[in-house]
Amino acid sequence: MLQEHVPDLGKFVEPDRVRREVYVDPRIFELEMQRIHERYWIYCGHESQVPKPGDYYTVQIGRQPMLMVRGRDGKVHVLYNRCPHRGNMMCGDRHGNAGEFFRCSYHAWTFQHDGALRSIPMMESGYAGTRYGKHNPDCSMKKAARVESYRGFVFASLAAEGPTLLEFLGESRIAFDDMCDRAPGGEVEIVPNCFRVVQHSNWKIFLENQLDALHPSVVHQSTGRAAMEVENLIRKQTGQAPLSYHMLSAFAAVTIEKWDGFQTLNYPYGHCILTGYMGLRPKDPDTLAYEKVMQKAYGKQRMEEILGVNIHHVLIYPGLSVQSALQQLRAVRPLGVDRTLTEIWHFRLKGAPEAIYRRSLAYYNLVNSPATLINADDLENFWKCHQGLSSDGGDWVSFGRHFGRDLEKPGRVETGPNMGTSEAPMRNQMKAWARYMRARA
Ligand code: FES
Ligand SMILES: [Fe+2]
């Protein structure tokens with residue numbers, strides 16, 4: 001129905017530019033929710049968020065409020081957060097434990113953790129001879145069409161048909177392999193709460209920024225320089241400076257030329273990998289202690305392979321940005337054409353020394369939290385972009401940097417040598433977007 005009002009979607013996207021309506025037209029937003037977010041694999045959370053039977057977390061998938069819940073059989077289910085009786089939201093809290101079963105707060109219908117109807121008050125006298133009862137699937141809580149997890153990271157798709165999670169992730173699954181392999185125990189564990197930031201801009205603006213290697217040296221330069229001054233002062237006074245200063249000063253130290261030395265790898269579903277990692281292999285005592293534990297767990301050769309993975313960022317379209325080497329991820333939940341929720345999570349490496357967790361926490365607080373200058377720098381630009389795109393000042397957004405110089409490889413598009421700041425990831429995301437949007441159910 002909606003597509004009748006949005007004719008010729010193909011005209012919005014050209015290989016090196018897109019129309020501004022893609023970011024600001026509410027009708028296009030609705031269509032994106034139907035054809036992308038409510039159809040493909042969306043990250044729900046990590047299995048360790050719901051360790052015990054009845055534990056649940058609410059999660060937004062497209063326009064749908066959902067629940068991720070651990071069943072008594074140990075399985076993780078993803079259900080619509082809605083009572084089939086009269087539509088009451090089942091869980092009003094963000095997370096909690098449902099107990100032995102879900103119980104609706106309105107008329108006390110109860111449901112198993114997998115959503116199956118368990119009881120209705122006075123079911124026999126109230127419903128005998130009607131179409132309502134356990135035999136009718138419409139009386140159970142509706143499930144997400146498909147749920148799969150990869151190394152503890154749970155995804156759901158609201159469409160019955162489509163690629164499997166592994167097919168969809170493809171090479172981008174390295175985000176989870178890299179994060180988990182860095183744990184001596186081979187697993188990570190959620191730190192059970194996250195920062196939430198509502199951005200006043202379209203969801204795609206955030207995603208495009210994640211692999212925009214040109215912006216850090218511009219946008220975050222002032223923050224980086226200020227940190228560098230303090231870092232130098234501390235080093236002068238004490239002979240060394242805490243690694244946490246380096247996390248910020250790197251934004252000043254890594255110049256545009258250096259970012260050009262990184263590379264992006266772009267994949268068909270819109271996923272992208274940015275290689276290069278600013279902390280790479282520090283040689284401080286905490287890292288050395290960690291390497292010792294890693295070597296014991298994996299042996300020297302495998303440890304070298306694991307710690308040698310050199311990835312700064314993995315973007316899993318359309319809603320996840322992972323920094324595996326620092327055990328962080330950001331989940332992107334579009335709320336409206338100009339409202340985007342980001343959830344910023346971080347993880348513990350199972351079996352790693354506490355100092356390594358502290359390092360992840362420092363990065364989380366210093367770079368990704370709402371309190372940091374880095375995040376504030378970005379948010380201001382996102383809002384300003386959305387404002388500019390809402391105006392009649394121009395019709396197009398350009399993604400022309402290094403256009404025509406990408407290297408087509410089997411199954412991916414790479415940026416050429418010294419073209420790390422190419423706008424190839426944005427071109428790739430919009431190419432995937434156009435393909436998603438054209439495909440009708
Ligand atoms: S709305 Fe849930 S039991 Fe009535
Ligand atoms: Fe940034």
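**Strands and domains in a predicted model**

Modeller: Let's start with one pair: Thr264 has Leu274, in strand 16, as its bridge partner. Strands here are DSSP runs (E, at least two residues), numbered from the N terminus. This is a predicted model, where local features need pLDDT of at least 70, side-chain atom pairs count only at pLDDT 80 or more, and totals for chains, interfaces and linings use all residues. Residues are numbered from 1 along each chain as its sequence is written, while chains are lettered from A and ligands numbered from 1 in the order in which they are written.

Biologist: How many bridges join strand 15 to strand 16?

Modeller: Two strands pair if DSSP finds at least two bridges between them. Here, three bridges join strand 15 (residues 264-266) to strand 16 (residues 272-275), and the two run antiparallel. They form a hairpin with five residues between them, and Gly270 in the turn has a positive phi of about 105 degrees.

Biologist: And which residue does Ile273 stand opposite in strand 17?

Modeller: That's Val314. Strand 17 (residues 311-316) pairs with strand 16 over four bridges, in the antiparallel sense.

Biologist: Where do the domains fall?

Modeller: Domain bounds come from an automatic or database domain assignment. For this protein it gives domain 1 (42-150) and domain 2 (170-438), with C-alpha centres 35 Å apart. Seven residues from domain 1 and nine residues from domain 2 make the contact, counting two residues if their C-beta atoms, placed from the backbone, lie within 7 Å.

Biologist: Which strand gives the largest share on the side of domain 1?

Modeller: Strand 3 (residues 42-46), with three residues on the side that touches domain 2.
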